[in-house]
Amino acid sequence: MKHDYLIHSVDELRGLAIEFLESVPANSIVCMDAEMGMGKTTFIQYVLLAMGIEDVKGSPTYSIVNEYVSPIYGKVYHLDLYRTETEEELYDIGIEEILYSDHFVFIEWASRAAALLPDEVIDLSITLEEDGVRRFSWEVRD
């Protein structure tokens with residue numbers, strides 16, 4: 001099923017995060033590729049809050065991986081692959097263990113790990129409309 005939402009302000013992200021969690025299978029791998037500044041990290045932070053995680057950090061731009069524990073969903077990973085350049089770097093951070101851990105995984109700049117991703121992922125796109133509104137879209141296979 002295709003999900004497509006127009007978001008006019010950051011205030012709408014809380015509701016969208018809840019809608020997102022209700023629409024995807026538990027322990028999904030969520031792949032995000034969007035331009036810099038489009039709201040990838042902000043959206044993930046709202047999803048983490050909706051998961052009951054209270055100590056939400058910013059983007060793991062330099063550490064590459066943030067690990068959380070949700071009282072509802074268990075372990076959750078947030079990866080930011082922007083600064084990675086090689087598959088070797090991805091292996092060094094333990095990407096295989098993370099991807100096949102059966103936990104929720106959110107990946108910013110997921111295209112940098114395209115060759116390593118399993119077939120069943122949720123591709124979430126964020127695009128900017130002409131009027132400055134952001135379009136969030138994802139598809140869940142039935």
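Biologist: How many helices and strands does the protein chain have? With that settled, where is Ser-137 found, and which residues does Ser-137 touch?

Modeller: This is a predicted model, and the protein chain in it has 4 helices and 7 strands. Read from the N terminus, the elements follow the order β-α-β-α-β-β-α-α-β-β-β. The C-alpha trace spans about 40 × 35 × 30 Å along its principal axes. The radius of gyration is 14 Å, which agrees with the value near 14 Å for a compact globule of 142 residues. Of these 142 residues, 46% are buried. Among contacts between residues at least 6 apart in sequence, 58% join residues at least 24 apart.

Now to the residue you asked about. Ser-137 sits in strand 7, which covers residues 134-139. Its relative accessible area is 7%, so Ser-137 counts as buried, the cut-off being under 20%. Leaving aside residues up to four places away in sequence, Ser-137 touches Lys-2, His-3 and Asp-4, and also Asp-123, Leu-124 and Ser-125. With Asp-4 there is also a polar contact, side chain to side chain, at 2.4 Å. Strand 6 spans residues 122-128, and Asp-123, Leu-124 and Ser-125 are among the residues in contact with Ser-137.

The largest pocket holds about 290 Å³ of space. It is lined by 17 residues, and those closest to its centre are Ser-28, Ile-29, Glu-120, Val-121 and Ile-122. By class, the lining has 8 nonpolar, 4 polar and 5 charged residues.

Trp-109, with a phi of about 60°, lies in the loop between strand 5 and strand 6. Trp-109 is buried, because its relative accessibility is 15%. Asp-102 has a phi of about 65° and belongs to the loop between helix 4 (95-99) and strand 5 (104-108). Asp-102 is exposed, because its relative accessible area is 57%, above the 50% cut-off.

Helix 2, residues 40-50, has its own set of buried residues: Lys-40, Thr-41, Phe-43, Ile-44, Tyr-46, Val-47 and Leu-48. Just after helix 2, Gly-52 takes a positive phi of about 90°.

To return to your question, Ser-137 is a buried residue of strand 7, with a polar contact to the side chain of Asp-4.

Notes. Residues numbered from 1 in each chain as written. Predicted model: local features only at pLDDT ≥ 70, side-chain atom pairs only at ≥ 80, totals over all residues. Heavy atoms only, no water. Helix = DSSP H or I, 4+ residues; strand = E, 2+ residues; numbered from the N terminus. Buried < 20%, exposed > 50% of the residue type's maximum accessible area, 1.4 Å probe, protein only. Polar contact = N/O pair within 3.5 Å; in protein donor to acceptor, adjacent residues only side chain to side chain. Contact = heavy atoms within 4.5 Å. 1 Å grid on protein atoms, 1.4 Å probe; cavity = no way out; pocket = protein on both sides within 12 Å on 5 of 7 lines; lining within 4 Å. Points joined across faces, edges and corners; volume = space filled by probe spheres on them. Nonpolar A, V, L, I, M, F, W, Y, C, P; charged D, E, K, R; others polar. Rg over C-alpha atoms; globule rule 2.2 N^0.38 Å.
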